[in-house]
Amino acid sequence: MTSIPLNDTDGAGDGGRSGRTTPQFSRPAGRFLGRWELFVTASYWLAWLSFSRRTPMGTGIAREFDSLGMGALRLVIPASLLVGIITIFQLASQLSQFGAESLSVRAIGWFAARELGPVGVALMVVTRSASGIAGELATMRTNGEIDALRAMGLNPVKYLVAPKLAALLIAVPGLTILCDALIVLGGWLGSVAILDVSTRFYFDQFRQAFELRDLFIGLVKSIVFAYLIAIVACDEGINVGGEVHAIGAAASRAVVYTVLGVLGADTVVNAIFYFIPILA
Amino acid sequence: MTPVFEVRHLTGPDDAPVVFDISLLCLRGKTSVVLGPIHAGKTMLMRSLLGLDRARTGEVFVEGERFDAAGESEERLRRLRTCVGSVFQGAALISRLGAIENVELPLLEHTSASASEAREAAAQLIHEVGLDIDPEATPGQLDRDEQRRLALARALALRPPVVILDEPTQGLHAHAAAELDETLARLQESHGFGTLILSHDPRYAFGRADRIYVLAGGRVVESGTPEHVRECGSDVVSRLLDRRGAA
């Protein structure tokens with residue numbers, strides 16, 4: 001057997017933070033604090049993974065990105081196009097009562113970038129992946145894999161949660177930009193085919209109404225949503241109970257809490273923009 | 001001879017103790033077996049002495065280095081866990097990783113090995129435990145015997161002075177179990193690590209243990225050499241032997 005010298009393990013390799021990982025499994029201070037602690041620890045490992053060259057997790061992030069991000073494309077692409085068409089119909093229908101049908105074209109750009117894109121993508125990712133993340137981690141815990149990691153002196157948050165967080169932080173904003181573009185495209189399809197609007201008029205109106213700031217705000221939201229999805233779903237999975245139905249229950253809770261979390265966070269952000277207009 | 005691994009007065013876990021005042025030791029290159037029926041507290045003993053569940057009281061010594069089973073910091077527990085190889089009941093391999101990744105994981109985390117050195121060492125370990133498998137195969141693609149051998153390779157990755165195995169042959173066909181046992185004995189002889197086996201199978205205890213601890217109701221009720229334990233007339237041992245004979 002090849003002899004490889006042991007590193008000094010006293011706090012090495014994890015910045016001495018491994019002690020912070022244990023309480024979240026025993027959860028002494030309630031669910032909220034447990035999630036906050038997971039948020040802090042996962043953020044630490046995310047930073048570590050970003051700057052460390054010495055990690056086997058590069059492949060882990062790629063694998064998670066493939067599963068959580070690329071895998072969502074077949075849902076996000078058609079759904080975004082349909083949302084674009086539906087939105088333009090609804091806007092045109094309401095605004096036609098005031099003879100302002102053409103304003104629907106102006107509205108779709110910023111509405112897609114600020115609201116529909118980030119929230120739509122977040123909900124699609126939740127629908128597709130939150131239960132999967134929670135179920136996977138819950139199964140690993142039930143099978144003793146998480147204990148096996150700890151028994152090897154490895155930090156489960158570093159190896160299981162941080163790669164998923166990293167993948168979602170790349171995938172969700174990326175999917176949001178794609179979704180924004182496809183909503184605008186869907187709106188164009190609906191406008192040209194049904195509302196008899198010319199392509200030139202559509203994109204002229206879009207250019208006049210859309211600002212890069214809209215896209216930026218949407219992307220900030222999508223980063224918040226990615227964090228929420230990763231932390232809540234992972235927390236539900238890692239802290240699963242030992243009952244027969246626990247894995248299924250954890251997966252269900254992950255979906256419920258992430259949906260509520262995404263909509264709650266969106267409400268807070270919108271309220272901030274409403275009450276502090278200078279930020280909007 | 002100085003014990004390579006020793007447990008003194010371990011009671012745990014802290015919140016609801018299942019094992020009480022356990023003291024045992026394991027010598028370098030020798031095999032100690034904790035023999036007890038199902039639900040005697042064997043798995044909980046393993047969890048408590050690795051610090052996976054914090055003990056209420058007790059000390060663990062690895063090559064003379066003392067660890068407080070009840071109040072050690074996470075950093076010290078990490079140190080303890082790198083000195084003790086562990087094979088869990090059911091192998092507990094990381095299902096999302098390939099076979100070779102499972103073995104190289106502790107090497108990449110705890111040693112200064114480069115990725116290629118870790119991979120080479122992992123491949124060698126897989127060969128040493130008698131596995132001839134696709135290194136990229138996930139645990140789900142391996143049969144139970146291969147999973148156990150892979151878990152053994154992973155446990156040996158850091159060359160620990162002691163390896164703890166929880167029911168290593170449970171669920172294996174008799175022939176596969178005997179072969180795994182032979183592999184373990186061969187590796188133990190070549191590497192010189194001490195082995196602590198937790199088992200309900202008296203075959204281990206009386207076949208190849210150097211020292212036996214009989215566990216019942218979370219307490220060690222008898223201990224000594226196989227000959228001593230066989231002749232002591234313990235009810236627990238008699239029942240286990242009768243069951244084994246009936247099976």
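Colleague: Let me start with a crossing of helices: is the one in which α4(A) passes α7(A) left-handed or right-handed?
Modeller: α4(A) passes α7(A) in a right-handed crossing. Please keep in mind that we are looking at a predicted model.

Colleague: Which residues of α4(A) and α7(A) meet?
Modeller: From α4(A) there are several to find, including A:Val76, A:Ile77, A:Leu81, A:Gly84 and A:Phe89. On the α7(A) side, look for residues including A:Leu175, A:Cys179, A:Leu182, A:Gly186 and A:Ser191. Sorted by class, the contact of α4(A) with α7(A) has 16 nonpolar and seven polar residues, with no charged residues.

Colleague: How are α5(A) and α7(A) placed, and at what angle do they pack?
Modeller: The angle between α5(A) and α7(A) is about 140°, with the axes 7 Å apart. These two helices are therefore oblique to each other. As for the hand, α5(A) passes α7(A) in a right-handed crossing. The residues of this contact divide into 17 nonpolar, six polar and two charged.

Colleague: And what angle do α5 and α9 of chain A make?
Modeller: Helix α5 (residues 103–142) and helix α9 (residues 212–238) of chain A pack at an angle of about 15°, their axes being 8 Å apart. α5(A) and α9(A) are therefore roughly parallel to each other. Their crossing is right-handed. By class, the contact of α5(A) with α9(A) has 19 nonpolar, five polar and six charged residues.

Colleague: How should I read the confidence values, and what is the average pLDDT of chain A?
Modeller: Chain A averages a pLDDT of 86, and 87% of its residues score at least 70. Over residues 8–28 of chain A, though, the pLDDT is below 50. Beyond near neighbours in sequence, that stretch has 40 contacts in the model. For chain B the average pLDDT is 92, with 98% of the residues scoring at least 70. The model as a whole scores ipTM 0.91 and pTM 0.84.

Colleague: Let's turn to chain B. How many helices and strands does it have?
Modeller: Chain B has nine helices and ten strands. Its radius of gyration is 18 Å, close to the 18 Å that the globule rule gives for 247 residues, so chain B is as compact as a globular protein of that length. Along the principal axes, the C-alpha atoms of chain B fill a box of roughly 55 × 45 × 35 Å.

Colleague: Is the peptide bond from B:Gly12 to B:Pro13 cis or trans?
Modeller: The bond from B:Gly12 to B:Pro13 is cis, with omega near -5°. To find B:Pro13, go to the loop between β1 (3–12) and β2 (19–27) of chain B.

Notes: Residues numbered from 1 in each chain as written. Chains lettered and ligands numbered in written order. Predicted model: local features only at pLDDT ≥ 70, side-chain atom pairs only at ≥ 80, totals over all residues. Left-handed = near helix turned anticlockwise from the far one by under 90°. Helix = DSSP H or I, 4+ residues; strand = E, 2+ residues; numbered from the N terminus. Contact = placed C-beta atoms within 7 Å. Nonpolar A, V, L, I, M, F, W, Y, C, P; charged D, E, K, R; others polar. pLDDT = per-residue confidence, 0-100. Rg over C-alpha atoms; globule rule 2.2 N^0.38 Å. Axes fitted to C-alpha atoms, helices over the stretch in contact; angles between N-to-C directions. Parallel < 35°, antiparallel > 145°, perpendicular 65-115°, else oblique.
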